[in-house]
Amino acid sequence: MKKYRAVVLVACTTIALVTLGYLLVRNAHFDVLQPAGAVAKSERTLLISAFSIMMLVVIPVFIMLVTFAWKYRAGNDKKVDYRPEWSEHKLLEAAWWGIPILIILILGTTAWITAHTLDPYRKLDSKTAPVNVQVVALEWKWLFIYPDLGVASVNELPVPVNTPIHFTISADAPMSAFWVPALGTQIYAMNGMSSQLNLIADHTGTFPGYNTNINGNGYAKMRFNVYAKSDKDFSSWVASARKSPNMMDEQALQKISQPGTMNETAYMLMDNNLYDKVIMKYMKGTMSDKDSASTSTQHDMSNMEGM
Amino acid sequence: MDWHWLIGRMDLSYLPHEPVTMGAAIGMPLTLVAIAAALTYFKKWGYLWREWITTVDAKRIGIMYGSVAIIMLARGVFDALMIRSQTALGGPGGSQLFSTDTYQQVFTSHGVIMIFFVAMGLMFALFNIAVPLMIGTRDVAFPFLNAVSFWLFFAGMILVNGSLIFGGFSIGGWLGYPPLTELQYSPGPGVDYWIWSLQIAGIGSLLSGVNFFVTILKHRAPGMTFMRMPIFVWSVLVTTVLIMIAFPMLTASLALLSLDRLMGMHFFTSMGGGNPMMYINLIWAWGHPEVYILVMPAFGIFSEVVATFSRKKLFGYKTMVIALVAIMFFSFVVWQHHFFTMGAGGDVNAFFGIMTMIIAIPTGVKLFNWLFTMYRGRISFASPMVWFMCFAVTFTIGGVTGVLMAVPAIDFQVHNTLFLVAHFHNVIIGGVVFGYLAAITYWFPKMFGFRLHEGLGKAAAYFWQVGFLLAFMPLYALGLMGAVRRVDNYSDPSWIPFFIVSAVGVVVVGAGIACQLLQIAYSIWKRKELRASGDPWDGRTLEWSVPSPAPFYNYAIIPKVSRIDEWWYQKQEGVKTPKDSDYKDIVLPKNTSFGFVIGMTAFVFSGALIWHIWWLVILSFIAVVTMIIMRTMDDFTEYTIPAAEVMKMDKEARA
């Protein structure tokens, strides 16, 4: 029985681990795999299909590994071929250059196409006009400005369902990153720069959002919620924020920019140029006027290349 | 009286405040005092100085690299345990074992220690131990430089650990992106500790890269053409090319960052015209080749291990070489995949994504070649081969998730999440660590003359593999649930069980390491029973032709090579006993204390920079330069062993 000991051990361990995995995953919710928006759905499909294509090679490799290890083990009683000098075979070698090349050809083409169709800067196809949201990463909270609606909020991001949201994203903090896994695609938020992102929510609900790039002590607590609302609910949120006693202007911004965490708060927007001011803060005295005028559109240019 | 001209910005407030850091700050010096007391009691100071600290013998330098790396591995895994304990308790309504500030320092030092002082340390250990023996030479091309490299590595190691006692470490993650690591956000000494530990160790690595590159080019035994070199030597050759090209980029980016910090410049600040994105490009232009620097020697090791334990010639030698060289080239054109989410646009993202995927092709070919080396072999599952089996499974999974993340649109959803953390541990543990641990078992008898205990070695492999799966499979799941890296608290209660399983996984890996420490202790105790001949594994390459432990001169007679796996065929044809006239005088380098002293002075230099003690910066810099000049003036750095004595020693060793 001694020769089967290793096999039994590996088999039992595998069964135990798979069972444990099943128990863990059973009731879990995967925002990335169970998304709530068109962008995240395309990305999920891409993830699953790329994974499946690779399994076409990986599974045979694992089977060969186990079979060869078992069949050609030194203690095997049955007479098996032993050819210590057999070390070249043109056809086989061509095959395993060829198979991975074929797979990478398929995946590479997919990567090229989707890098463009799912480019965060690309406007989403929809009949509904997009809602513009300006995002500012602060130490350690998120400011959302709705310049066309005259409202702003901290750490809460209400959006109308089935409506494209066009985000422009910057930071008044060390480099941060904006991510709502249920809706898709994260992007960096950087000082003096304006990144863009287009997302859409397919159904109503509350979806958590995160900062994915460490920016100091309160980094882990830099969470926010996306509230995807019906048009009616969204309008009433906007109306109530407009009546809010909290005013968002330069002074208020300066106050909330102090390092620290914050609860969800809605504001009436008093200054439509707040976002530009945050960006221009990092331009002062650094470039000629001609340069600084083009800086905030630096990313739009790379977007055009991508279209 | 103002003392700050003398002690810079040192201040008692930099002493640790929290129980966990205070424990380390008291524990580490006490351990050192205990070791010093033991050395004094057993009167071993002289032995330590003569035989180890001043040595220029590559094998001994290799053993020192390995010892430091294994101690650092214990520290790195302890850091991991702290990280995962904190996250296991970090759910809603949970508590903190220690502050977030400490947590951020711990994951930064975990990354730095594991990459620079464990993986790089073990890698240079193996270069030193195996390369000169495998190519049939007596030492590396520049033995003194080799000692300098080691002591610079050692100085960097003291800096990382010293930060625990005084001043704290960086919170910026292992690559310390600005502007977080700029003065504006991190004015304290932590980031400077991080910069200078990497800087000093990095210069050591660069020098070692040059050293082994020249060694392989110029010191191969007669007849060993490039296409007769063992694959491990090939992997070291391409690795040293990567080191020589990549490490200057690390040195430059860190130097620019420290100019920002020390002299108020604006290379990477967000104000004043600086550009942090430039740093991120530069550091990854080094950082991505760095992971191939680590993993290619592991590929080389497994090529030796699989052929030896399958008792069969390595399948597809030429394709192995082509694959290594291909990976070497492609590793320089993939760095942007570390920041697809910076908004570079579809063309740039797609280019770097596809380049990244292409690397999977030669890597896949290597795996097929190993499989077909096993095919029609006669495989004995000694523990190096068990490590290979674990590697083949684990590394393949890591490769799959790597290719997934090479698709930019997939990366948009998993970048900087725990999915990414799981991926790179998957390839670094499954590839690099398993490879190096296999190599330690494989070459241990050549260094010490006895084998490591097999049962404990296999138990270690089992615990590492199971612990790895427990620690990192939940992280893949957590990443897909939206869990971000480097956080120590979260609001979703359903994440808690995943984090707990992951913490248990770290404990299981810890059990694996405990098995290995026990294995070393037990094997030393039972060294008579485990005594190894010169060729304990029925090996194929030249290092197995010399007695174990390898004599300090490596080869009494430099071998002649006429094919791949020279030793294997010599054994089949019958090994010839050397004639008396074959023995020649041997010239070897003399021991020197300059390597150690230069390393320690570099440590003082870095410490002075970290604490802004300007007079000491100038003094120690002048001292380093002076010592280098003094050493180059010394014309008597070698000694000769007469042929007769070589013959006598060789005959005794072979008896």
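Student: How many residues of chain A are in contact with chain B, and how many of chain B with chain A?

Tutor: In general, the size of an interface is often given as the accessible area lost when the parts come together. Here we can count residues instead, bearing in mind that this is a predicted model: 88 residues of chain A are in contact with 84 residues of chain B.

Student: Which element gives the largest share of the side of chain A that touches chain B?

Tutor: That share, 15 residues, comes from α3(A), while the elements giving two or more residues to this side also include α1 (2-25), α2 (38-71) and β9 (205-211) of chain A. Sorted by class, the side of chain A that touches chain B holds 51 nonpolar, 25 polar and 12 charged residues.

Student: Turning to chain B, how many helices and strands are there in it?

Tutor: Chain B has 20 helices and two strands. Its radius of gyration is 25 Å, close to the 26 Å that the globule rule gives for 655 residues, so chain B is as compact as a globular protein of that length. Buried residues account for 60% of the 655 residues in chain B.

Student: At what angle do helix α4 and helix α6 of chain B pack?

Tutor: Helix α4 (residues 58-88) and helix α6 (residues 143-165) of chain B pack at an angle of about 10 degrees, with their axes 10 Å apart. Because angles under 35 degrees count as roughly parallel, α4(B) is roughly parallel to α6(B). The crossing of the two, α4(B) and α6(B), is left-handed.

Student: Which residues of α4(B) and α6(B) meet?

Tutor: Among them are I61(B), Y65(B) and M72(B) in α4(B), and A147(B), F150(B) and M157(B) in α6(B). The residues of this contact of α4(B) with α6(B) comprise 11 nonpolar, one polar and no charged.

Student: Where in the backbone of chain B are there cis peptide bonds or positive phi values?

Tutor: Most residues other than glycine have a negative phi, and most peptide bonds are trans. In chain B, however, a cis peptide bond joins P178(B) and P179(B), with omega about 5 degrees, and another cis bond runs from S548(B) to P549(B), with omega near -10 degrees. As for phi, N554(B) has a positive value near 60 degrees, and D565(B) has one of about 55 degrees.

Student: Is N554(B) buried or exposed?

Tutor: N554(B), which lies in the loop between α16 and α17 of chain B, has 21 other C-beta atoms within 10 Å and is therefore buried, since the cut-off for a buried residue is 20 or more.

Key: Residues are numbered from 1 along each chain as its sequence is written. Chains are lettered from A and ligands numbered from 1 in the order in which they are written. This is a predicted model: local features need pLDDT of at least 70, side-chain atom pairs count only at pLDDT 80 or more; totals for chains, interfaces and linings use all residues. Axes are lines fitted to C-alpha atoms, for helices over the stretch in contact, and angles run from 0 to 180 degrees between N-to-C directions. Helices (H or I, at least four residues) and strands (E, at least two) are DSSP runs, numbered from the N terminus. Angles under 35 degrees count as roughly parallel, over 145 as roughly antiparallel, 65 to 115 as roughly perpendicular and the rest as oblique. A crossing is left-handed if the near helix is turned anticlockwise from the far one by less than a right angle, and right-handed if clockwise. Two residues are in contact if their C-beta atoms, placed from the backbone, lie within 7 Å. Ala, Val, Leu, Ile, Met, Phe, Trp, Tyr, Cys and Pro count as nonpolar, Asp, Glu, Lys and Arg as charged, and the others, Gly among them, as polar. The radius of gyration is taken over C-alpha atoms; the globule rule is 2.2 Å times the number of residues to the power 0.38. A residue is buried if 20 or more other C-beta atoms lie within 10 Å of its own, exposed if 12 or fewer, and partly exposed in between; C-beta atoms are placed from the backbone.
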